[in-house]
Amino acid sequence: MKKCIVRALCALLTLGLLCAPALALEFIDANGRSVQVAENPQRVVALYGSYGDAWLTAGGALAGTTDDVLREGDPRLGPDVQSVGTHTTPNLEALLALEPDFVLLSADVAGQAELGDVLSEAGIPNALFSTKDYRSYMDMISIFTQLTGRDDLYAREVETVQAPIEEMIAWAQADANAGARTALLLRAFSTGVKAKGSADTVAGVILKDMGFDNIADGDSPLSENLSLEAILMADPDYVFVVTMGANSEAAMDAMAELLTDNPAWAGLRAVREGRYVVLDSKLFHYHPNHRWAESYAVIRDLIAAEGAAE
């Protein structure tokens with residue numbers, strides 16, 4: 001009799017374990033929403049290329065992603081990955097047809113927050129991310145590797161991304177000119193040029209971390225009305241340019257027309273001393289992900305060269 005009861009209890013316990021829902025990870029996304037995602041999701045869709053890349057870095061696989069990612073032909077993508085449109089105009093029908101168990105969204109792309117609400121109402125787990133600095137990238141990788149069960153890959157990112165960056169920041173902040181070294185950050189695109197502050201750009205965050213005083217921060221008139229006269233008056237130690245858009249040549253043409261072709265441009269101290277720098281958009285405009293340390297190293301090398309020249 002006792003043996004029968006034990007067998008029955010074991011059977012019930014086994015059935016309960018088999019029927020129990022998968023463990024879920026709960027976290028707060030970039031829009032302050034509480035999100036629950038079952039561990040090891042298998043049908044993940046990324047509506048932003050950078051976050052899909054991070055998911056692959058964390059050991060996951062994608063069921064769907066955007067057209068631009070598919071065109072780039074990342075070898076980590078499987079042959080069955082489907083297109084779900086673009087990050088600005090996603091194809092909701094194609095997305096739902098994939099029956100996703102986790103959708104990666106960007107808090108910085110118009111319309112994706114609303115899409116997240118639609119998905120949540122349909123019972124599809126989704127999260128909004130925003131990674132304008134390496135810290136938020138590491139937070140995202142921590143979430144992703146917990147979901148994929150790849151603690152080893154998180155440790156790798158700590159070793160190759162976080163640790164080198166923290167070392168470079170400490171080195172730069174200890175420099176005698178930290179905080180006094182001025183810079184103007186410009187974003188060039190096919191139809192114009194704008195001064196950009198430190199808070200809302202990848203390059204701006206890096207420059208601030210590395211001890212630069214961005215003259216476009218705060219209430220600077222440069223942030224609203226960019227002019228060569230205002231730049232000449234400020235005469236920053238460095239001028240950094242990041243191009244935006246697919247046509248970098250057109251962006252630099254706009255830069256030339258509005259600023260650099262003017263003979264007065266050559267009078268800037270940054271230009272005279274070789275500190276007018278066009279930054280690689282892959283490292284300083286788009287989210288660098290696992291290449292964040294490379295971005296910081298570019299600025300570290302500029303500071304080091306400055307010190308060697310003195």
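This report describes the overall build of a predicted protein model and then selected parts of it.

## Overall build

The protein chain holds 310 residues, of which 45% count as buried. Its secondary structure consists of 13 helices and 12 strands.

## Surface and charge

The accessible surface of the chain amounts to about 15,700 Å². Carbon and sulfur atoms supply 54% of that area. Among the side chains, 22 are positive and 44 are negative. The centres of these two sets lie 7 Å apart.

## Helix α2 and Tyr51

Helix α2 covers residues 49-57. The helix is mostly covered, with nine of its nine residues buried. These are Gly49, Ser50, Tyr51, Gly52, Asp53, Ala54, Trp55, Leu56 and Thr57. Just after α2 comes Gly59, whose phi is positive, at about 90 degrees.

Tyr51 belongs to this helix. Its relative accessible area is 0%, and Tyr51 is therefore classed as buried, the cut-off being under 20%. Leaving aside residues up to four places away in sequence, Tyr51 touches several residues, including Leu104, Leu105, Ser106 and Asp108. Phe129, Ser130, Thr131, Met140, Phe144 and His287 are also among the residues that Tyr51 touches. Trp292 stands 241 residues from Tyr51 along the chain, yet the C-alpha atoms of the two are separated by 14 Å.

## Two asparagines with positive phi

Asn40 and Asn289 each have a positive phi although neither is glycine. For Asn40 the angle is near 60 degrees. Asn40 is placed in the loop between β2 (34-38) and β3 (44-46). With 47% relative accessibility, Asn40 counts as partly exposed, because that class lies between 20% and 50%.

For Asn289, phi is near 55 degrees. Asn289 sits in the loop between α12 (281-284) and α13 (292-309). Asn289 is buried, since its relative accessible area is 2%.

A nonpolar patch of about 220 Å² is made by Leu92, Leu96 and Val118. Val118 is part of helix α5, which runs over residues 112-121. With a relative accessible area of 41%, Val118 is partly exposed.

A negative patch is formed by Glu249, Asp253, Glu257 and Asp261.

Notes:
Residues are numbered from 1 along each chain as its sequence is written. This is a predicted model: local features need pLDDT of at least 70, side-chain atom pairs count only at pLDDT 80 or more; totals for chains, interfaces and linings use all residues. Side-chain values use heavy atoms; hydrogens and water are left out. Helices (H or I, at least four residues) and strands (E, at least two) are DSSP runs, numbered from the N terminus. Buried means under 20% relative accessible area, exposed over 50%, partly exposed in between (1.4 Å probe, protein chains only). Accessible areas come from the Shrake-Rupley method with a 1.4 Å probe; for residues, only the protein chains shown count as cover. Lys and Arg count as positive and Asp and Glu as negative; His and the chain ends are not counted. The place of a charge is taken as NZ of Lys, CZ of Arg, CG of Asp or CD of Glu. Patches are made of residues with over 30% relative accessible area and no salt bridge: like charges are joined within 9 Å, nonpolar side chains (Val, Leu, Ile, Met, Phe, Trp, Tyr) within 5 Å. A salt bridge is a side-chain nitrogen of Lys or Arg within 4 Å of a carboxyl oxygen of Asp or Glu. Contact means heavy atoms within 4.5 Å.
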